[in-house]
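This report describes selected features of a predicted model. The sequence and structure are shown first.

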Amino acid sequence: QVQLVESGGGSVQAGGSLRLSCAASGSIFSVGDMGWYRQAPGNQRELVAEVTSGGRTTYADSVKGRFTISRDNAKNEVYLQMNSLKPEDTAVYYCNALINPYNGAFVVAINYWGQGTQVTVSS
């Protein structure tokens with residue numbers, strides 16, 4: 001029942017900006033850490049940015065100063081504002097969230113993933 005849906009990907013020229021959004025929906029008890037990962041063809045998936053339930057943020061060194069992660073707890077959404085984009089940022093971006101879903105009996109924590117959204121940055 002719980003799912004993460006991403007939007008906002010696309011193609012831009014170097015130096016441009018994009019804003020990614022991810023909304024969690026379903027029978028949710030609470031949402032913990034939320035983050036964005038990316039994977040380029042032939043490469044390993046890597047953490048781009050993360051924001052904890054307490055508001056602490058973590059960024060990959062390659063995006064510090066250019067990307068900003070934020071969340072809206074009332075809407076169970078997380079965002080990634082990407083500025084000064086570089087061709088090296090080209091990848092499929094995946095939303096991730098640690099969610100405690102309702103199950104009628106007990107609380108369990110599950111990592112959910114979005115379907116991925118393509119970001120392409122041209123020179």
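The sections below cover a sheet, an aromatic pair and two contacts between arginine and an aromatic ring.

## Sheet

An open sheet is built from four strands, ordered 1-3-8-7, with antiparallel pairing. Its edges are strand 1 (3–7) and strand 7 (67–72), each of which pairs on one side only. From one strand to the next, the twist averages 15°.

Strand 7 and strand 8 (residues 77–82) run antiparallel and are joined by six bridges. Across this pairing, D72 stands opposite E77 in strand 8. In general, strands of a sheet pair through backbone hydrogen bonds, in either a parallel or an antiparallel arrangement.

## Aromatic pair

There are two aromatic pairs in the structure. One of them consists of F29 and Y102: the ring centres are 5.5 Å apart and the planes stand at 85°, so the pair is edge-to-face. An angle over 60 degrees is what places a pair in that class.

F29 belongs to strand 4 (residues 28–39), while Y102 lies in the loop between strand 9 (91–101) and strand 10 (110–113). The two residues are 73 residues apart, and the pair links distant parts of the chain.

F29 has a relative accessible area of 48% and is partly exposed. Y102, at 53% relative accessibility, counts as exposed, because the exposed class begins over 50%.

## Arginine over ring faces

R19 lies over the face of Y79, with a distance of 4.4 Å from the ring centre. R45 lies over the face of Y37, at 5.4 Å from the ring centre.

How values were computed
Residues numbered from 1 in each chain as written. Predicted model: local features only at pLDDT ≥ 70, side-chain atom pairs only at ≥ 80, totals over all residues. Heavy atoms only, no water. Pairing = 2+ DSSP bridges. Axes fitted to C-alpha atoms, helices over the stretch in contact; angles between N-to-C directions. Phe/Tyr/Trp six-rings, centres within 6.5 Å; stacked < 30°, edge-to-face > 60°. Buried < 20%, exposed > 50% of the residue type's maximum accessible area, 1.4 Å probe, protein only. Lys NZ or Arg CZ within 6 Å of the ring centre and 35° of its normal.
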